[in-house]
Amino acid sequence: MHINGSTTIVGVFGAPITHTASPAMHNAAFGALDMNWVYLAFHVEAANLRTALRGASHMGLVGINLTIPHKILALDGIDEIEPEARKLGAVNTVSMEKGKLRGYNTDGYGFIKAVKEDFNLSIKGKRVLVLGAGGAGHGIAVKCALDGAAKVIVANRTLARIEPIAREISGTKTEFLALKLAAEDIRKVIHEVDLVVNATSVGLEEQDSLGLGADLFSPRLHVYDTIYRPAETELLRVAESAGAKVANGLSMLLHQGAKSFEIWTKRKAPLAVMRRALRAAIYGEKP
Ligand code: ATR
């Protein structure tokens, strides 16, 4: 990497931000395509998001990813928001063009590509159970409906948080059901779903448990966990022991990043290079 006066800068804003693997993924891509671009991580507090975005734009940065806690906040600090990002309730990618901030959501796209790649599963006509109704759960549940899922069930510890998702999905043809996130409630519906997605933060810590036993799962189920660190959550372990097909969130991280890359650079993302860089950064594998 040779940084000089004409290096194009992109990056990610978050708080905390030190654990992000996105710089490794994007800088590997720039290197592979011999582009004079660099991707940096910036610690930006929620209260400073608007000024930081404007400042970045004035400084000539051309793109920013947003992560915790900015994805939802960014909805009202941006000049133009892609309609899908509005529906998914979050902006994770901003492009700066001619002083204008444009907001996109590439997480939904990343999720759809991930289940296609990991399970060869297309969401159209499928029945999906989403665990969690925070930012991630909202985006995935609504994206499934937009992509033609036959049914979306959202289970969350706090039922009231499901309401905005229900409202958004009510405008689509997809059937919708809200549930309490508890084994006995899940048991009543799991036989009718094709795909289970964990979009809660439960699993990030070693000792975390959603309390869903192996008896709930079967070999015809696909179980996707948006968590990628640790590589195998308790949910994936339990589901796999029951014969279900399982995958973790690395593929979603990869594909949302690839889409951001393509929005900013207008070039095709080098997926294999980006995946290797992610695996090296997150799991310590040799790139
Ligand atoms: P994100 O943007 O990553 O989705 P979030 O908006 O904080 O983060 O949402 C976290 C999700 O994990 C929510 O669905 C949350 O459930 P509540 O809405 O009831 O808070 C879920 N979650 C976090 N800790 C949980 C726990 N111990 N048990 C069950 N669900 C939990």
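Visitor: Is Ala214 buried or exposed, or in between?
Guide: Ala214 is partly exposed, with a relative accessible area of 35%. Buried means under 20% relative accessible area, exposed over 50%, and partly exposed in between, with a 1.4 Å probe and protein chains only.

Visitor: What should I know about the model and numbering?
Guide: The model is predicted, so local features need pLDDT of at least 70 and side-chain atom pairs count only at pLDDT 80 or more, while totals for chains, interfaces and linings use all residues. Residues are numbered from 1 along each chain as its sequence is written, and side-chain values use heavy atoms, with hydrogens and water left out.

Visitor: Where does Ala214 lie?
Guide: Ala214 is in the loop between strand E10 (195-198) and strand E11 (222-225). Strands (E, at least two residues) and helices (H or I, at least four) are DSSP runs, numbered from the N terminus.

Visitor: And which residues is it in contact with, leaving aside neighbours within four places in sequence?
Guide: Ala214 is in contact with Val238, Ser241 and Ala242, where contact means heavy atoms within 4.5 Å.

Visitor: Switching to helix H10: what do its end C-alpha atoms say about its span?
Guide: The end C-alpha atoms of H10 (residues 250-265) are 22 Å apart, which agrees with the 22 Å that its 16 residues should span at 1.5 Å a residue. The expected span is 1.5 Å times one less than the number of residues.

Visitor: How many of its residues are buried?
Guide: In H10, 14 of the 16 residues are buried, so the helix is largely enclosed by the rest of the structure. Just after H10, Lys266 takes a positive phi of about 60°.

Visitor: What about H6, how many are buried there?
Guide: Nine of the 12 residues of H6 are buried, including His138, Lys143 and Cys144. Just after H6, Gly148 has a positive phi of about 90°.

Visitor: Now the sheet of six strands: what is the order?
Guide: The order is E2-E1-E3-E5-E6-E4, in an open sheet with mixed pairing. Strand E2 (37-43) and strand E4 (80-81) stand at the edges with a single partner strand each, so one side of each is left without a neighbour in the sheet. Two strands pair if DSSP finds at least two bridges between them.

Visitor: How many bridges join E3 to E5?
Guide: Three bridges join strand E3 (residues 63-66) to strand E5 (residues 93-97), and the two run antiparallel. The bridge partner of Gly63 in E5 is Ser95.
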